[in-house]
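Hello,

Here is the structure I promised to pass on to you. Please have a look at it first, and then read my notes below.

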Amino acid sequence: MAETASADATSGPQRFRAGSRGGLDYFFYFLKNNPFAILGLAIVVVVILLTIISPYIAPYDPQKTLPGKTLKPPSSEHWFGTDINALDVFSRTLTATRTDIPVAVIATAIAMFIGVSLGVVAGYFGNRGGPGGIASEATLRLMDILQAFPVFILALALVAGTGASTINVGIAIAFVNAPIFLRLIRGQVLGLREMPYVEAARCAGASGKRVAFRNILPGVISPALVQASVTIGFAILLIAGLSFVGAGVPQPTPEWGLMIATGSRDIVTGQWWTSVFPGLALAITVFGFALLGEALGKALDPLQRQ
Amino acid sequence: MLRRLIVKRSLFAIVQLLGASIIIFVIVRLLPSDPATAILGTSVQEEQVEALRERLGLNKSIPEQYWIWLQDVFHGDLGRSWFTSNNVVDDLGQRLPATFELILLALFVSIVILIPLGVITARRSRSIYSKVADKGVFSYGMLAGATPDFWLGLVLLFLFWVQLDWVPAPLGRISISITPPDTITGFLIIDSTIQGNWAALKSALGHLVLPVFVLAFVYGAPLLKMTRNTVSRMLDAEFIDQGRAAGLSDRMLTRMALKNSLPPVITLAGVVFGFVVGGAVLVETVFSWGGVGQYAVQSIANADFNAIQGFVLVATGISIFIYLAVDILHYLIDPRVEAG
C-alpha cells in the first residue's frame, strides 16, 4: 500500500521506530494511545459487519408487516418497537446499513477517483500552458462555479432533476463531493511538484505523465483516504437528508432518513421509537467515520508523529 | 485599491452566478426526460403533451431555451409554479423573510456564543481546565458533525413540545390564535417589537427557539474549533512574544491576537452560512416553517420545475452574495489578501 511506502521513507529519528510494515505497525501503535480512534474504528467495523450480515441476524423481515403489531413500544420481542406499517424497527434499523453504507462508500469512491485524477492533472499541469494547462484552468473555473452552490441544495436539485432513486442519489452525492477531493489534491500536488525528488525524476528524463502518476500520485493518497473517511460519513447524512424530504431512496426500502420521515408523524402521538432509533444509528455511524477520519489523518501524516 | 478589489470580486461573482444559472438550467430543464410528461403524468393524450411542450417552449433548441429563460430571469420572471399557480418570484418573495429570520438568527446565535467561547478556551496550558476544554471542543465538534439536523429537531420537539409542552406546536412561525404584526421588515421579532405587540413577539420567539438551536448547534461547531485554533496559534506567534518583550500589557496583546484571528474566522462564517442555507431546507420541513426551504421540498414532491429552478437560483445567488461580502470584509481587515 502506498501509505506504507511513504511512511517508511520518512521515518526519521522519532520515538516510534517503524518496523517492517511501517505505516500499519504505526497505526496499531497509534490506536493504543488514542481511545477516540479505537472507538471510531470499532464503530466502523461493526457497521460494515452489519452491512454484510444484517439480513441473517435481523429477527424479522424488514419489509413484511406483522399483523396486529402497529406502533408497539419497545419490548423484549421488538427491541426498538414497531412502526405505523407494523414493521419491526430493530430489523429495519439493522438492514438499513445495506442501503446507506454501500451507496455512501461507492459514491465516495467515485468522487475520490474523479477528484484525485482531476486534482493531479490540475495541480501538476496547471499554469504550464498547452492543452494540459487549458484543461486544468477550465476544471478550476468549473469548480469555482460548483463551489457557489450550497451542497445540500445542489444534491437536492440533481435528484429532483434526475428522479428520486437510489442510483441517482449515489450519482448526486458523487458529483457534489468530487470538487472537495479535487481542491484538496490539487493543493497537495502544488506543494509536491516543487520537491527535490520530483525535480530529480524529471531530470532523469521521466515524462510529465510518468512523474504525475508515478511520483506524485502516491504522495497524495494518504490525505485522500483521510478525506474519504470523512466524506463517507457526510455522504450518509446526505442520503438520509435527501430521503427524509422525499428526494432520495424510495419507499419501502429500509433507510435511516426514510424511517425518520415515516416516524416523524408518530412523534405527535408520543411514539418516539420509530424515529429516535434510526436517527441514533445514523448519528453513531457518521460519528464513527468522522472519528476514524480524524485518527487516520493523524496516523498517516508523518509530520505529526511523535 | 478597495474599489478595484470590489469591482474585480463583483465581476467574479457575476460570472459565478451566470455559470451557476447554466448548471441549474441543465439540471432542472434537461435532465428530466420530459418535463411535459412529468407535469401531466403518463395518462394523458399525446396532443395535450405536445400542446404543453409548445407552451413551455420545449420544442426550441437548448441554447435558445436557455437564452429565453435567462432574459425572463433578468426581467424578474422565474416562470409560473403550476402547483400554486403564482409567479415563482412572488412565491419566493413571500416566503423568504421566514427563512431569513431563521437562518440569520441561527448564525447570529452561533457567532455570539461560540466565537467568544473559542477565544476563552484558546489559551492552552498544562492545567486540567485546558485539557477538559480540549476534549470538550473536540467531542462537541465530532458530535455536532454527526448529528442529523432534522432528527435533532424531531427529538427536541418530542421532549419540549409533546412531553413538556414548553414550546408551541411546530406549525409555522407564529400561533394561529395570535394576531401577527403588520409587515414592515418581514421579520416577526423586529416587526412585533416595533409595534409593541408583545403577544406576537412571545409566540414568534417560542416558535424560533428550537429550529434556531438546532441549526446553531449542528452547523456552528466549526466556528468554535476554528476560532480556538486560530486564536491559540496567534497567542503563540512571534509578534506576541515580541510585544510582551516590549512591555505591552496582556490586554493589549490579547487584542492584537484577536484582530489577527478575525479574517479566517469571518471566511469560515461565510462557509457556515452556506451550510445553514442547506440545513434550513430540512429544518423548515420538520417545523413546517413555511419558508423557501419547505417550498422547495413541496416543489420537488409536485415535480414543479419552475419553482425548483427558481429556488436553487435564489439560494445560490444568496450564497454567492455572502461569499462576496465576506471576501470584501476580509480585505478591509487584512489588506494583504489581494496580493495573494
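**Salt bridges**

At 41% relative accessibility, B:Arg244 counts as partly exposed (buried means under 20% relative accessible area, exposed over 50%, partly exposed in between, with a 1.4 Å probe and protein chains only). Before going further, please note that this is a predicted model, in which local features need pLDDT of at least 70 and side-chain atom pairs count only at pLDDT 80 or more, while totals for chains, interfaces and linings use all residues. Residues are numbered from 1 along each chain as its sequence is written, chains are lettered from A and ligands numbered from 1 in the order in which they are written, and side-chain values use heavy atoms, with hydrogens and water left out.

B:Arg244 forms a salt bridge with B:Asp241, their closest N and O atoms being 3.9 Å apart (the term means a side-chain nitrogen of Lys or Arg within 4 Å of a carboxyl oxygen of Asp or Glu). B:Asp241 is also partly exposed, at 42% relative accessible area. Helices (H or I, at least four residues) and strands (E, at least two) are DSSP runs, numbered from the N terminus.

Over all chains, the search finds 10 salt bridges. One of them joins the side chains of A:Asp144 and A:Arg183 (3.4 Å, N to O). A:Asp144 lies in helix α6 of chain A and A:Arg183 in helix α8 (residues 166-192) of chain A, so this pair ties together parts that are 39 residues apart in sequence. A:Asp144 is buried, with 11% relative accessibility, whereas A:Arg183 is partly exposed at 37%. Both belong to a network of salt bridges that links A:Glu137, A:Arg141, A:Asp144 and A:Arg183.

**Chain A and one of its helices**

Chain A has 12 helices and 0 strands. Of its 306 residues, 52% count as buried. In helix α12(A), 23 of the 28 residues are buried.

A:Val226, in helix α10 of chain A, is buried at 17% relative accessibility. Leaving aside residues up to four places away in sequence, A:Val226 touches A:Gly293, A:Leu296, A:Gly297 and A:Leu300 (contact means heavy atoms within 4.5 Å). The C-alpha atoms of A:Val226 and A:Gly297 are separated by 5.4 Å, although the residues are 71 apart along the chain.

**Where the two chains meet**

How many residues does each chain bring to the contact? Chain A gives 42 residues and chain B gives 45. The area buried between them is about 3600 Å², with carbon and sulfur atoms giving 86% (this is the accessible area, with a 1.4 Å probe, that two parts lose on being put together, summed over both). Across this interface, the rule finds 0 salt bridges. On the side of chain A that touches chain B, the elements giving two or more residues are α6 (130-147), α7 (151-162), α10 (208-244), α11 (256-264) and α12 (273-300). The most comes from α12(A), with 11 residues.

Best wishes
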